[in-house]
Structure formats: C-alpha cells, structure tokens
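Here are my notes from going through this one, point by point. Have the structure open while you read.

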Amino acid sequence: MDQSHIRNFSIIAHIDHGKSTLADRILQLTDTVSAREMRDQMLDSMELERERGITIKAQAVRVHWKGHELNLIDTPGHVDFTYEVSRSLQACEGALLVVDAAQGIEAQTLANAYLAIENNLEIVPVVNKIDLPQADPDGAAAEVADLIGDDAANVLRISAKTGQGVDAVLDAIVERIPAPAGEFDAPPRALIFDSSYDQYRGVVAFVRVVDGVFRPREHLRAMALGTRFEAQEIGYMSPAMRPVQELQAGEVGYVITGLKDVSELRVGDTLTAEKRAAAAPLPGYKDVKPMVFAGLFPTESDDYPELRDALEKLKLNDAALFYEPETSQALGFGFRCGFLGLLHMEIVRERLEREFDLDLIVTAPNVAYRVKPLNEEWVEVHTPADLPDSFDEVEEPYIKASIIVPKEFVGQVMELCNDRRGSFDHLEYLSEQRVHLTYELPLAEIVLDYYDQLKSRTRGYASFDYDLAGFRPGNLARVDILVGGEPVDALSLILHRDFAYERGKALVEKLRQEIPRQMFDVAIQAAVGARIIARETVKARRKDVLAKCYGGDITRKRKLLEKQKAGKKRMKQVGGVEVPQEAFLAVLNLNDVAKR
Amino acid sequence: MPDGARHLYVHLPFCASRCGYCDFVTVVGHADRHGAYVDALLGELELERHLLAPELESVYLGGGTPTLTAADQLERLLAALPPAREVTVEANPETVTPSLAALLSRNGVDRVSIGAQTFNTALLAVLDRRARPDDVRHAVHRLADAGIDNRSLDLIYGIPGQTPADLVRDLDEAVALEPEHISAYELEAKPGTRFTHAHGAELLRQADRLESYIEQVVERLTAAGYRWYETANFCRLPDRAGGRDLRARHNLGYWLGHDYLGLGVGAVSTIENRRWRNAPSLHRYLAAHAGGRRPERELELLSTGERATERVMLGLRLDEPLALAGLGDVVDSEALDRLAAGGLAVHRAGAVTLTPRGRLLGGGVTARLLA
C-alpha cells in the first residue's frame with residue numbers, strides 16, 4: 001500500500017468516555033471482525049483490564065476503509081501511563097480525541113490532548129454517547145473545540161454504542177489525518193513503540209515503519225542497543241497476527257525477533273536492516289523514572305524465590321516496572337519496587353497476587369527523594385531508612401495537579417490541597433458549572449490516599465491528573481521508630497517536620513497495641529535524629545506460669561511448649577524484643593486497606 | 001529407673017456430680033460398678049506389678065472423688081495396694097466423715113488432699129462444689145483426730161466473681177486451719193465448655209487479675225511460714241512440722257522425672273522411654289478386665305531429647321537447682337546467660353535455679369531456655 005493511502009491514528013480519551021467501544025465499532029464497521037467474533041472491548045487482552053475497564057498494553061490493529069489502510073493504535077487511558085500513551089502517539093500522525101457528551105472534558109482529556117499536541121498530531125475531535133438522555137453534545141463540542149482551538153462545527157458527534165456517526169469518523173480519519181511521509185526508497189528504519197514477550201516466540205516488537213521496507217528472514221539491528229537478530233516473522237494485527245512478506249514505510253505491524261531476553265530490545269529504539277543500515281536512528285523516548293516506591297515482601301519468607309521470578313516475568317511485559325532487592329529486619333528479604341504511579345503499583349500487586357498466586361506484604365508507598373549529604377554529591381534515596389541523619393539539603397518531588405470539579409466542591413478541594421502542603425496555581429471555568437483547578441503539591445502527599453479523599457469529598461465528581469514538576473527543597477526529616485532501643489528500618493518515614501510529631505505519636509501508639517507483653521518493659525519510641533519525639537511503653541508481664549502439671553499432663557504441656565517454641569521462631573527479634581509479624585503488618589501493610 | 005518404678009497412681013473416677021470446670025476423667029453415678037472397677041484395678045496391678053520397685057516411695061489415689069467409692073471397696077483396694085513411704089488419697093470435704101477418716105487411717109493412708117477450692121459460699125456455687133466451708137474445717141479436724149497428720153488443701157483462684165479481697169480471705173482461712181500442705185491453682189476453663197460459655201466475660205476479667213493473684217498467694221503463704229517449693233504447691237517448713245519434709249513425694253516424683261505406674265481409666269504411666277495412657281472409657285476398662293486383656297492404651301515413645309525437655313520443663317517448677325549435666329543440648333546456654341543477666345535465673349555450679357520473679361514468669365523462661 002503506498003503511503004498516501006495509509007493513516008496511522010490513536011484514540012485518546014478520559015477513562016470510560018468510550019474509547020474502547022469506539023475501537024470495537026471501528027473493527028466491526030470495517031469488517032475486520034465479524035459481529036459473531038466480536039467480544040466487547042476486544043482489544044483488551046487481559047482479564048484484569050476487562051475488570052477495571054482500562055487498557056494496559058498498547059496494541060495496534062490494521063483496518064481497511066474505502067481503499068485506505070488505517071492503523072489504529074490503542075492507548076492506555078490513565079494518568080500513570082502517560083509514558084505508554086506517549087509511545088503510541090509517536091507512531092501516529094493523528095488522534096481521535098473522544099469526549100463523553102454527558103461528562104464533558106475531564107482531567108485526562110486535557111492531559112492527553114496536550115500530549116497529542118506536543119507530538120504534532122492532527123486532532124479529530126469526537127463527542128461520544130450522544131444517545132444518553134443526559135448528553136449535552138453542543139456543550140461538550142464547545143468545550144472540546146475551545147480546548148484544541150477548532151470550530152465546534154468540526155466536532156463529530158457519535159454514539160459508539162449504537163454505531164451512529166462512526167462511519168463519519170472513519171471518513172474524517174481519511175480526510176483530515178495526514179498520510180505518513182517517510183521515504184520508501186531510503187534504508188529501512190522502524191520505531192519500536194512497544195514490545196511484549198511470548199514464551200514460545202520470544203520478544204515481539206511492535207513497530208512503525210518510517211522509511212524503507214522490512215522483510216522476514218532479514219538480519220536486523222537495533223541501532224541504540226546494537227542487538228542483532230533475524231526477523232523470524234513480520235506482519236500486522238487485525239487483531240490476530242497476520243504474517244506478511246513486507247512491511248513498508250508508513251505501515252504499523254510486528255516483528256517476531258526470536259530474542260529470549262527482553263532487555264535486548266528497548267522500546268524507543270530504531271530497527272534497521274544490516275544489509276542496508278540507516279545512517280541515523282529515529283528520535284526515541286526518554287527513559288521513564290519511577291516516582292512511587294513500595295516494599296514488596298512475601299508473607300512466607302520461603303516464597304522469596306517465587307516473588308523474584310514473578311517480578312522478572314512481569315518486567316518482561318512492563319518495562320516501566322523497576323525493582324531492586326531489599327532486606328528489612330522486620331520483614332526479611334524482599335524487593336523495593338518503583339512504579340510510575342499508584343495505579344501502576346496497584347496493577348502490579350494484583351498481577352503478582354493473581355497470576356503468580358503470591359501472598360504479599362506491601363509497605364506504605366514512598367517517593368524518591370534527592371539529598372545532598374554533608375560535603376558530598378546529590379544522591380537519590382528510595383527508602384526512608386536511607387536518608388542520612390544530617391545533610392546539607394533535601395528535595396522532594398512535586399507535581400502539578402489538574403483537577404476538574406463541579407463548582408460547588410471547589411472549597412473542599414482547595415481545603416484538601418492546602419492540608420497536603422499544596423500551593424494554589426490556577427482556576428478557570430470550563431463551563432458555567434465546571435471548574436478546572438491546578439495546584440502544586442508534593443508527590444509524597446498524594447501517594448497514600450489523596451485520590452480517595454478527593455473522590456469522597458466531591459462525591460465522586462472530581463477528576464484528577466498530574467504531571468511531575470521536578471524536585472523542590474522541603475523541610476523534611478526522617479522519623480525512626482525504635483523498639484527496645486533499636487530502630488526498625490521498615491518503619492522509618494520521611495515527613496515534613498510539621499507533621500513529624502503527630503505521625504510519630506500515632507505510629508508509636510499503634511505499635512504499642514500490637515506488641516505483646518514481654519518479660520520486661522518494652523520502650524517504643526519515635527525519633528528524629530537523636531531526639532525522641534514520642535514514647536510508649538509495653539509493660540512487662542509479671543506472670544506467665546505453666547499451669548498445674550502432674551503425670552497425665554506432661555506430654556500435653558511438652559507439646560504446647562514445643563509449639564510455642566516453633567511460634568517464637570516466626571517472631572522477629574528487635575532489640576531483644578519478640579515482635580510478631582502481625583505487629584509490623586498492622587502498621588505497614590496496605591494489602592488489607594487496598595482490598596477494602 | 002532400671003530398678004522399677006517407685007511411684008504408683010490409682011484412678012477412681014466416681015463422682016456425685018460434675019463440677020463445671022473439671023477436665024479430669026470422671027463418671028457420675030455407676031454406684032453398682034465400684035466393685036467391678038476395683039476388681040479391674042487389682043487385675044491391672046497384677047499384670048504390671050513387675051514394673052514396680054520392691055519398695056515404693058508413693059502411692060496416690062486420685063479421681064474423680066476417690067472417697068466417694070463404696071467404703072468396703074475402698075478398703076479392699078487400699079489393703080491390696082503395696083505399701084509406700086507416702087500414701088495419699090484425694091477427698092472431697094463433704095465425704096470426710098469420722099468413719100471414713102478412720103478407714104483411711106487403718107489402711108495405711110498417711111496423707112489426704114482435700115478439695116477445698118474456696119471458703120466463699122457464693123464462689124463454691126459458681127464452681128458447682130457440693131461442700132460448704134464448714135465441711136472443709138470438719139474434714140481437716142476429723143483427719144487429725146484419726147491420726148492423719150499430713151493434710152493438704154486445694155485452693156482455686158480466678159473464679160468468676162472473685163475479688164482480690166476474696167482471695168485474701170481464702171488464704172487466711174486456709175492458713176488458719178494449719179494444713180501441712182497447700183496447693184493453689186489458677187482456674188483453667190477450657191474454651192468451648194459449658195462453664196466458659198456461662199462465665200465468658202467474667203473469666204476474661206479474672207484473667208487480668210491473675211497476675212496479682214499469684215503474687216498475693218506466694219506472698220501471703222510464704223509470710224505464713226510455708227515453703228513455695230513448686231509453682232503451685234506450698235508446704236510447712238520443717239521447723240513448724242516437727243522436722244518433716246512435707247513436700248508431696250508423689251508429685252515430686254513427676255517433677256523430678258521419676259518413673260511412675262498408673263492404674264485405672266485414663267491413667268498415665270511413664271517407665272523409662274515409654275509413656276502410655278489408659279483409655280478413658282469405664283465401660284471398655286471393665287470389659288478388658290472381664291475378657292482377661294490388658295486395658296486399651298495409647299503408647300508414646302519418648303526420645304532422649306523429649307525426656308530431657310521434660311526434665312527442664314518440670315524441674316524449673318521447683319525451688320531447687322536443676323542440674324544441667326546429662327541434659328544434652330536442649331538448653332540454650334546463651335538464653336541462660338541472658339536470663340541470668342535479667343535477674344530471672346541463677347546459674348551456678350552447673351545448675352540453674354529460677355529467681356522468684358523468674359518462677360512467676362516460668363512459662364516464658366522455660367520456653368526461652370529450651371533450645
């Protein structure tokens with residue numbers, strides 16, 4: 001197919017505005033999938049995604065419409081996956097920007113629109129769900145048009161559910177989105193915009209061919225990493241994988257590389273042919289940085305190898321997952337994992353528990369800090385316990401939060417943001433009823449329950465998105481928790497000094513309730529550096545006798561002792577104090593909270 | 001002990017009624033079976049006699065209510081048992097009539113353990129006890145009159161509804177009767193029993209007080225001239241006992257790890273590395289005897305390590321040093337050092353003794369000491 005008849009596009013939208021339904025409808029309308037084969041939201045290939053109604057993996061599908069080849073690249077729709085969205089957008093020339101006619105513009109509509117604009121995509125605005133009684137197509141069209149600087153008359157109005165107007169969308173794709181403009185005769189170059197790992201076929205690269213032609217059985221090379229391999233098979237998805245003899249400039253498809261190690265191929269890299277190598281690679285992507293960290297520990301320490309293997313396997317399909325081994329004196333051997341955000345963390349945890357059947361302890365999430373220890377260079381710290389006692393300066397990551405909310409909740413939202421050390425940035429009215437607020441907040445203040453609070457204070461109406469806004473100095477300190485005079489690394493926190501006392505006190509009190517009485521008094525303290533800021537004591541037991549023991553009781557008592565002995569082995573010893581696993585879990589564990 | 005067991009236990013399960021908290025092997029009624037039961041006991045004795053040493057240290061009749069057994073059967077039994085340095089019979093206070101006291105005395109019984117539990121009428125009712133406080137007093141005096149001068153009182157604390165003041169009164173009453181020996185136990189109510197169900201919340205409240213109760217018991221009894229020789233057992237010091245060592249010889253046998261033979265339903269025996277328990281069913285015990293068979297038993301083989309563990313577990317209940325030699329590696333010497341440093345144990349001359357504070361924390365200390 002010559003490039004002039006090719007169109008590469010994505011559908012971008014806020015969650016639940018109908019992106020996936022529209023994709024389904026496009027597949028149907030173009031006869032790519034028969035009605036009988038159609039399963040709702042077919043492009044979502046994981047059960048988890050289906051459950052949550054979101055897409056995690058980006059994939060691409062080729063459809064045909066009126067003599068043109070349209071490549072639809074599906075994108076994840078959540079704030080944590082800006083990285084994924086960005087990767088797919090670089091493979092496109094245009095994007096359908098879909099807005100729910102009843103909801104109007106929401107936080108991710110904005111975020112994704114800006115991303116598309118940044119990538120110089122042609123935006124085709126679409127208002128969806130016009131079939132709903134509460135829809136306000138004109139209002140929504142006006143909002144969208146305003147957002148992208150277009151005319152409301154150019155905004156398409158559809159119902160993806162019923163199919164109404166979808167053919168006009170396909171026409172618009174052909175008419176408005178530019179064709180790719182690569183060079184057919186140039187040495188082949190293709191951008192790897194995604195990859196996945198198949199246990200039988202190895203690494204599969206999803207590519208957008210920019211210049212030249214790729215053929216199966218050719219020797220290819222990844223230009224940045226230098227990896228060489230033979231293309232076992234190339235093809236396109238519709239949505240099943242279909243092998244072809246050629247993938248040409250402007251086309252989107254896959255390459256089965258036969259590589260067994262996913263680290264050998266990096267998304268963002270450029271593929272070229274050995275025989276006719278391109279001179280320069282295509283501009284790739286920046287590496288993503290994890291911003292939210294949490295400790296992941298197996299509940300049973302025997303399961304550590306299983307957790308390690310599971311993380312390895314997960315990483316094959318999730319390049320943004322970061323992990324390093326970590327040892328906690330409270331929880332044993334585990335990993336410190338880095339995620340793009342809270343949703344990413346949630347998804348990973350659920351996959352580990354569900355797909356790999358692991359029972360996990362997840363410690364409270366924390367963010368990365370930058371600290372300049374005395375007379376040394378800046379370093380990044382991922383675990384609170386690693387923050388040195390004294391330092392010249394410390395910085396924490398900030399975000400710019402974008403919140404869209406009905407105007408009656410503005411006060412609540414501002415109060416919440418102020419409580420979380422936020423500073424007001426900007427307020428504008430999107431319409432008479434709806435306000436767009438931006439605030440700057442420390443990332444640390446949103447990792448735990450900010451989103452939940454936001455939703456509950458606005459009765460669910462608020463939508464939220466954020467962008468990282470760099471590191472800023474903070475008046476921060478490390479709060480340590482000591483049991484029996486010894487610090488428990490897993491419980492250390494980095495807090496703003498204003499909150500150190502309250503949080504420290506609450507933690508110490510909680511621990512006091514959880515630690516069983518011992519044969520001597522146990523001091524539980526919170527400290528900042530050498531200064532104790534809170535203290536509780538677990539008073540010693542005075543009595544712990546084995547009850548009466550005569551001839552007929554001896555075996556039973558002995559077995560009881562043996563059982564107690566075995567039970568004590570599962571206790572952690574901290575500062576001579578026996579602390580049951582449960583005590584740490586009660587203070588640290590998010591699992592129960594998350595499962596609600 | 002290769003020379004034979006020197007301790008003999010005999011179980012008499014008959015009771016007039018069952019007390020709510022009891023978890024011994026007992027049967028109510030069956031008055032017509034007393035004879036058959038004694039036959040079976042004596043039958044079992046014949047079968048196992050070869051396990052006994054030529055001279056016994058102790059014979060102990062426990063139950064149930066041994067003194068509820070029909071007088072002629074009880075006499076027959078006592079007469080047939082081998083002699084021993086100490087012969088103990090457990091008694092419910094209301095059963096100790098002058099004639100019973102005389103029966104016991106003429107049949108070689110020199111020690112009686114009276115189940116007093118408490119001198120508080122209301123608390124006696126909670127425990128389903130039939131005796132009244134005066135029955136205890138009468139029993140003590142009648143035994144003395146019959147020439148039995150080694151009397152022990154059992155007390156229970158932590159009874160639902162009991163206050164610390166109640167306990168003090170019980171201790172004072174007990175001491176006032178000048179028994180040679182006092183056993184004081186914390187009430188153990190098994191979860192899921194009728195008793196626990198009926199007194200649930202109150203039992204929890206008592207659990208909170210148990211710490212101070214046991215301290216109270218130890219303090220008051222030692223102040224009254226008793227020796228706290230085992231976790232739950234006290235005896236008059238020799239200077240107030242005519243020079244006698246009034247510790248219970250039979251129970252000391254258990255705590256010192258001696259071999260013992262047990263006869264009767266549910267009775268336990270331990271001879272060298274074998275421990276067996278007779279089945280608790282009266283019916284099956286009698287049937288076995290009638291059929292000329294040994295009673296049904298559950299056998300447990302004890303390893304050297306288990307024997308040593310028991311030696312430690314039981315030995316630490318006493319106020320005497322426990323020799324560490326011969327215990328192999330069941331004792332964690334680092335733990336011992338830490339306990340000694342913490343003032344809970346004394347390690348001297350190859351033996352370990354717990355301090356009073358250590359004895360009160362005996363459960364935890366024992367657990368830590370065992371490797």
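1. Start with the charged cluster: A:Arg558, A:Glu562, B:Arg275, B:Glu300, B:Glu306 and B:Glu310 are linked in a network of salt bridges. Keep in mind throughout that this is a predicted model.

2. How many salt bridges does the rule find across the interface of chain B and chain A? It finds 9 there, while the structure as a whole, over all chains, holds 69. One pair to click on is A:Lys543 with B:Glu186, whose side chains meet in a salt bridge at 2.9 Å, N to O. Polar contacts between chain B and chain A come to 17 residue pairs, with both residues at pLDDT 80 or more.

3. Which parts of chain B do the touching? At least two residues each come from strand 8 (181-186), helix 7 (194-223), helix 8 (249-255), strand 13 (274-278), helix 10 (304-315), helix 12 (356-360) and helix 13 (362-369) of chain B. Helix 13 of chain B gives the most to the side that touches chain A, with 7 residues. Sorted by class, that side of chain B has 18 nonpolar, 9 polar and 13 charged residues.

4. Now the extent of the interface. Chain B puts 40 residues in contact with 27 residues of chain A. About 3200 Å² is buried between chain B and chain A, and carbon and sulfur atoms give 56% of that area. If you want three residues to look at, take B:Glu211, B:Met313 and B:Arg368: they supply 21% of the area that chain B buries against chain A, more than any other three residues.

5. Within chain B, have a look at B:Glu230 and B:Arg317. They form a salt bridge, with the closest N and O atoms 2.5 Å apart. B:Glu230 sits in strand 9 (residues 226-230) of chain B and B:Arg317 in the loop between helix 10 and strand 15 (322-323) of chain B, so the pair ties together parts that are 87 residues apart in sequence. Are these two partners buried or exposed? B:Glu230 is buried, at a relative accessible area of 1%, and B:Arg317 is buried too, at 4%.

6. A:Arg354 and A:Glu350 meet at 3.2 Å, N to O; both lie in helix 8 (residues 342-355) of chain A, 4 residues apart, about one turn of the helix. A:Glu355 and A:Arg351 meet in a salt bridge at 3.0 Å, N to O, and they also lie in helix 8 of chain A with a spacing of 4 residues, about one turn. For the second, A:Glu355 is partly exposed at 44% and A:Arg351 is buried at 11%.

7. A:Glu440 has a relative accessible area of 17%, so it counts as buried under the 20% cut-off. Its side chain makes a polar contact of 2.8 Å with that of A:Arg472. Beyond its neighbours within four places in sequence, A:Glu440 is in contact with A:Tyr398, A:Ile399, A:Lys400, A:Arg421, A:Gly422, A:Ser423 and A:Arg472.

8. Over in chain B, B:Leu100 belongs to helix 3 (residues 98-106) and counts as buried at 8% relative accessibility. Leaving aside neighbours within four places in sequence, B:Leu100 is in contact with B:Thr67, B:Leu74 and B:Thr95. The C-alpha atoms of B:Leu100 and B:Ala146 are separated by 9.3 Å, with the two residues 46 apart along the chain.

9. Finally, confidence. Chain A has a mean pLDDT of 83, and 89% of its residues reach 70 or more. Where is confidence in chain A lowest, and where is it highest? Helix 14 (residues 591-595) of chain A is lowest, at a mean of 41, and strand 9 (residues 213-214) of chain A is highest, at 95. Two stretches of chain A stay under 50: residues 49-58, for which the model has 38 contacts beyond four places in sequence, and residues 590-596, for which it has 16. Where pLDDT is low, the predicted coordinates should not be read in detail.

Key:
Residues numbered from 1 in each chain as written. Chains lettered and ligands numbered in written order. Heavy atoms only, no water. Contact = heavy atoms within 4.5 Å. Buried area = accessible area lost by both parts, 1.4 Å probe. Salt bridge = Lys/Arg side-chain N within 4 Å of Asp/Glu carboxyl O. Polar contact = N/O pair within 3.5 Å; in protein donor to acceptor, adjacent residues only side chain to side chain. Nonpolar A, V, L, I, M, F, W, Y, C, P; charged D, E, K, R; others polar. pLDDT = per-residue confidence, 0-100. Buried < 20%, exposed > 50% of the residue type's maximum accessible area, 1.4 Å probe, protein only.
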